[in-house]
Amino acid sequence: MDILNLVDGRWIEGSGAEFTDTNPARPDEVVARGHAASSEQVELAIRAARAAAPGWRATPHHERAAVLSGAAALIDAAAEEWGRELSREEGKTLPEGVAEVRGAARILRYYAAEADRESGEIYASPRRGENLLVMRKPVGVAGVITPFNFPIAIPAWKLAPALTYGNTVVWKPSSLVPLLAARLAGALADAGLPAGVLNLVYGEADAGAAIIGHPGVDVVSFTGSTEVGRAVIARCGELAKPVQTEMGGKNAAVVLADADLDHAAEQVCAGAFRSTGQKCTATSRLVVEESVADELLRKVAARAAELVVGDPLGAGVDMGPLVSAAARDRVSAGVRDALGQGATVLAGARPYTEGDLAAGWFTPPTVLALPGTDVDVWSRELFGPVVGAVRASGPEEALRLANHSEHGLSAAIFTRDLGAALQAVEHLEVGVLHVNSESAGTFPWVPFGGTKLSGFGPREQGRAAREFFTQTVTVYLGAPA
């Protein structure tokens with residue numbers, strides 16, 4: 001498929017560098033190709049969003065919601081086809097790809113329903129004949145920058161609230177996964193989104209920088225690496241521009257001595273190896289209470305060794321490839337470094353050297369026993385199917401080890417003790433906590449985001465998104481004398 005940019009309601013060929021979307025399971029297979037937007041086309045996209053903003057803002061909320069609902073219906077109808085395309089360009093297994101597409105439709109429906117919810121507040125005034133109203137208005141033009149790992153779900157949870165609350169958008173997705181971006185933008189356009197309200201431009205860092213730095217863009221929402229996210233925060237700080245960032249995680253699963261070990265092992269592996277570990281909420285650190293460590297680690301290693309790695313479109317495949325050769329090489333290098341620093345292999349670790357798995361960008365599900373927390377893999381995000389395990393003398397040390405990270409996005413704790421679970425809620429420095437379930441996973445009606453280097457700015461999803469994509473006006477409404 002030839003990928004086009006969407007600018008002011010028109011699908012246009014980019015004037016910038018060519019990009020190629022390849023199948024990570026078969027790198028010689030081209031899924032799609034296109035050209036990035038030139039700097040002039042990015043400028044046109046921002047101008048189009050600016051020009052469309054007054055009309056979209058004035059459109060009744062229920063009419064805006066109807067567009068989101070219509071797009072959700074189109075996405076649901078195409079879920080099987082688009083899920084297959086997602087698996088081909090990103091590497092998720094087919095069930096995961098289809099589920100992500102359907103999840104995007106659910107997100108759009110949730111934010112369409114915002115038209116039926118309250119949109120402001122009334123307070124009493126101490127003055128006679130006066131009421132205090134808190135009204136919400138759109139912020140204007142939103143710049144949205146999204147990553148490769150959830151090519152339709154993450155854009156949906158940014159675009160849907162931006163649009164439902166009356167903002168216009170300039171969106172730059174990852175060029176590694178351009179096809180699903182085009183599908184989502186096309187569904188919104190086909191559902192009746194007016195020209196200029198959503199503009200889709202492909203490009204690399206220069207395009208993102210142009211969007212972030214443009215005076216016509218009022219707010220920026222970014223998901224990506226910590227390094228880039230910090231640069232985005234710094235730039236927006238210079239410009240006094242509101243920014244929302246989600247910058248990944250180094251998420252811990254804590255298994256206490258009283259846990260159901262079979263369940264814990266299953267959930268740890270689900271958190272570590274689904275989506276080939278390419279989730280910001282994936283489990284990459286494991287803290288096990290000493291008295292059950294040997295048994296739990298045997299179970300985790302055995303489950304990891306059972307996973308079927310292969311073509312994500314194949315039946316019975318549990319884990320597909322990483323998204324690129326660079327990602328595979330980064331993960332392999334991280335495992336080598338860990339072994340050089342004293343880690344012990346419990347499962348995986350050896351690169352594939354022959355057959356289809358060697359030809360694609362595959363890496364094995366890997367479990368490492370770490371000699372301590374000074375091993376680089378404990379703190380460095382590899383963004384792949386690697387989990388490093390350490391032992392804790394008891395629950396208090398387990399929570400301390402889980403907090404031993406610059407990131408604070410997600411965590412999981414496995415225990416039958418309600419008191420221990422409540423202690424985790426109180427003391428774990430994360431934005432998302434799972435009790436007796438994997439560290440990954442989120443629903444669109446509750447807030448999502450992290451602490452420390454995992455996030456900056458208002459939370460995403462749920463009604464929390466309203467805090468970023470709207471601004472309040474406090475009205476002192478008095479009756480005329």
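## Lining of the second largest pocket

The lining of the second largest pocket divides into 13 nonpolar, six polar and seven charged residues, where nonpolar covers Ala, Val, Leu, Ile, Met, Phe, Trp, Tyr, Cys and Pro, charged covers Asp, Glu, Lys and Arg, and polar covers the others, Gly among them. This is a predicted model, in which local features need a pLDDT of at least 70 and side-chain atom pairs count only at pLDDT 80 or more, whereas totals for chains, interfaces and linings use all residues. Residues are numbered from 1 along each chain as its sequence is written, and side-chain values use heavy atoms, with hydrogens and water left out.

The second largest pocket holds about 590 Å³ of space, and 26 residues line it, with F150, A153, K279, G441 and T442 the closest to its centre. Two elements, α4 and α5 (153–164), each give two or more residues to this lining, and α4 gives the most, with eight residues. Helices (H or I, at least four residues) and strands (E, at least two) are DSSP runs numbered from the N terminus. A pocket is an open set of points on a 1 Å grid over the protein atoms alone, with protein on both sides within 12 Å along at least five of seven lines; a cavity is a set where a 1.4 Å probe fits but cannot get out, and lining residues have an atom within 4 Å of a point. Points are joined across faces, edges and corners, and a volume is the space filled by probe spheres set on them.

## The largest pocket

The largest pocket has a volume of about 1000 Å³. Its lining comprises 42 residues, and F222, T223, G224, S225 and V228 lie nearest the centre of the pocket. By class, the lining of the largest pocket consists of 19 nonpolar, 15 polar and eight charged residues.

## Enclosed cavities

Four cavities of 30 Å³ or more are counted in the model. The largest cavity contains about 90 Å³ of space and is lined by 14 residues, among which G277, S284, E381, F383 and G384 lie nearest its centre. Six of the residues in the lining of the largest cavity are nonpolar, five are polar and three are charged.

The second largest cavity contains about 60 Å³ of space and has a lining of 15 residues, of which K250, R285, A402, H407 and V430 lie nearest its centre. Strands β13 (251–255), β18 (407–408) and β19 (410–414) each supply at least two residues to this lining, which by class is made up of five nonpolar, six polar and four charged residues.

A search of the whole structure finds 29 salt bridges, each being a side-chain nitrogen of Lys or Arg within 4 Å of a carboxyl oxygen of Asp or Glu. One of them joins the side chains of D76 and R109, at 2.6 Å from N to O. This pair links distant parts of the chain, with D76 in helix α2 (residues 61–77) and R109 in helix α4 (residues 94–112), 33 residues apart. D76 has a relative accessibility of 24% and counts as partly exposed, as R109 does at 38%; buried means under 20% relative accessible area, exposed over 50%, and partly exposed in between (1.4 Å probe, protein chains only).

R102 is partly exposed, with a relative accessible area of 36%. E100 forms a salt bridge with K92, with the closest N and O atoms 3.0 Å apart, and both E100 and K92 are buried. Elsewhere, a network of salt bridges links E114, R117, E118, R463 and R466.

## Positive phi angles

Most residues other than glycine have a negative phi. N436, which is not a glycine, has a positive phi of about 65°, and is found in the loop between β20 (432–435) and β21 (451–452). Q461 likewise shows a positive phi, near 65°, and is placed in the loop between β22 (455–456) and α16 (465–469). N436 is partly exposed at 30% relative accessibility, whereas Q461 is buried at 1%.
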